[in-house]
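Grab the model and work through these exercises. Each one has a task, then a solution in steps.

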Amino acid sequence: MNDIDLTSPIPAPPADAPERLSFEDDGRTPNSRYPVRCYRGLKTAQESSAGALEALFERNGWPPQWRGGVFDYHHYHTRAHEALGVASGTATLVLGGEDGREIDIRAGDVLILPAGTGHCRRSASDDFQLVAAYPPGQQDWDLCRPGETDIATARATIEALASPDSDPVGGPGGALTAYWRD
């Protein structure tokens with residue numbers, strides 16, 4: 001388990017870097033040239049894990065937008081990068097599109113999905129809840145589905161989207177800022 005205390009003023013990235021998961025454009029889901037980042041097992045020292053994750057994201061320049069789950073159908077966003085912090089429970093998601101990779105997540109995990117990354121919920125525990133946050137200026141996220149969204153337009157929109165200035169977990173010096181640069 002990582003030793004990031006979500007109640008500290010600005011947490012440092014864990015000694016072990018977050019996982020990197022890369023997915024290719026499959027012709028229906030654009031995915032991204034940037035890798036998905038996955039922080040595992042962050043400490044949630046506050047009474048409300050959702051509140052602790054919201055505070056962490058807010059401190060690091062990613063305003064939290066909502067609490068809930070993940071849709072059970074494949075989708076992606078072209079106008080926003082997305083941080084998903086698991087507040088409670090467990091789930092299995094499919095990342096990368098319809099033929100993507102299954103990933104198990106649990107309370108304390110944070111996924112950072114670059115725009116275009118396909119994702120859907122395969123299964124979840126009854127108590128599964130996450131917090132979603134987006135970089136400044138990207139709160140007007142869209143909902144695109146493979147085969148229903150013009151892939152050329154999606155690719156162009158994603159390509160024009162700015163990289164975040166801060167990692168939602170590690171802040172301005174976090175792993176995201178090192179790996180998501182042009």
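**Exercise 1.** Work out which residues of helix α2 (residues 151-160) are buried, and where they sit around the axis.

*Solution.* This is a predicted model, so start by taking buried to be under 20% relative accessible area. In α2, that picks out I151, A154 and I158. Next, look down the axis: these residues span an arc of only 55 degrees, so they lie on the same side of α2. Finally, turn to the other side of the helix, where E159 and A160 are exposed.

**Exercise 2.** Take strand β7 (residues 110-113) and find out how its faces are covered and how it pairs with β2 and β4.

*Solution.* Begin with the faces: V110 and I112 are buried on one side, and L111 and L113 are buried on the other. Now go to the partners. Strand β2 (residues 36-39) pairs with β7 in the antiparallel sense through three bridges, with Y39 bridged to V110. Strand β4 (residues 82-88) also runs antiparallel to β7, joined by four bridges, and here A83 stands opposite I112.

**Exercise 3.** Find the residues that touch the most other members of the largest nonpolar core, then list what I105 contacts beyond its neighbours within four places in sequence.

*Solution.* The core has 19 residues, and L93, L95, I103, I105 and L111 touch the most other members. Two or more residues each come from β2, β4, β5 (90-95), β6 (101-106), β7 and β9 (129-133). Of these, β5 gives the most, with three. Now zoom in on I105: with those sequence neighbours left aside, I105 contacts R40, V86, G89, T90, A91, L93, L111 and F128. Apart from this core lies another, of 18 residues, including Y39, L53, F57 and V110.

Conventions: Residues are numbered from 1 along each chain as its sequence is written. This is a predicted model: local features need pLDDT of at least 70, side-chain atom pairs count only at pLDDT 80 or more; totals for chains, interfaces and linings use all residues. Side-chain values use heavy atoms; hydrogens and water are left out. Buried means under 20% relative accessible area, exposed over 50%, partly exposed in between (1.4 Å probe, protein chains only). Two strands pair if DSSP finds at least two bridges between them. The arc is that of the directions from the helix axis to the C-beta atoms. A nonpolar core is a set of buried Ala, Val, Leu, Ile, Met, Phe, Trp, Tyr and Cys residues joined through side-chain atoms within 4.5 Å. Contact means heavy atoms within 4.5 Å.
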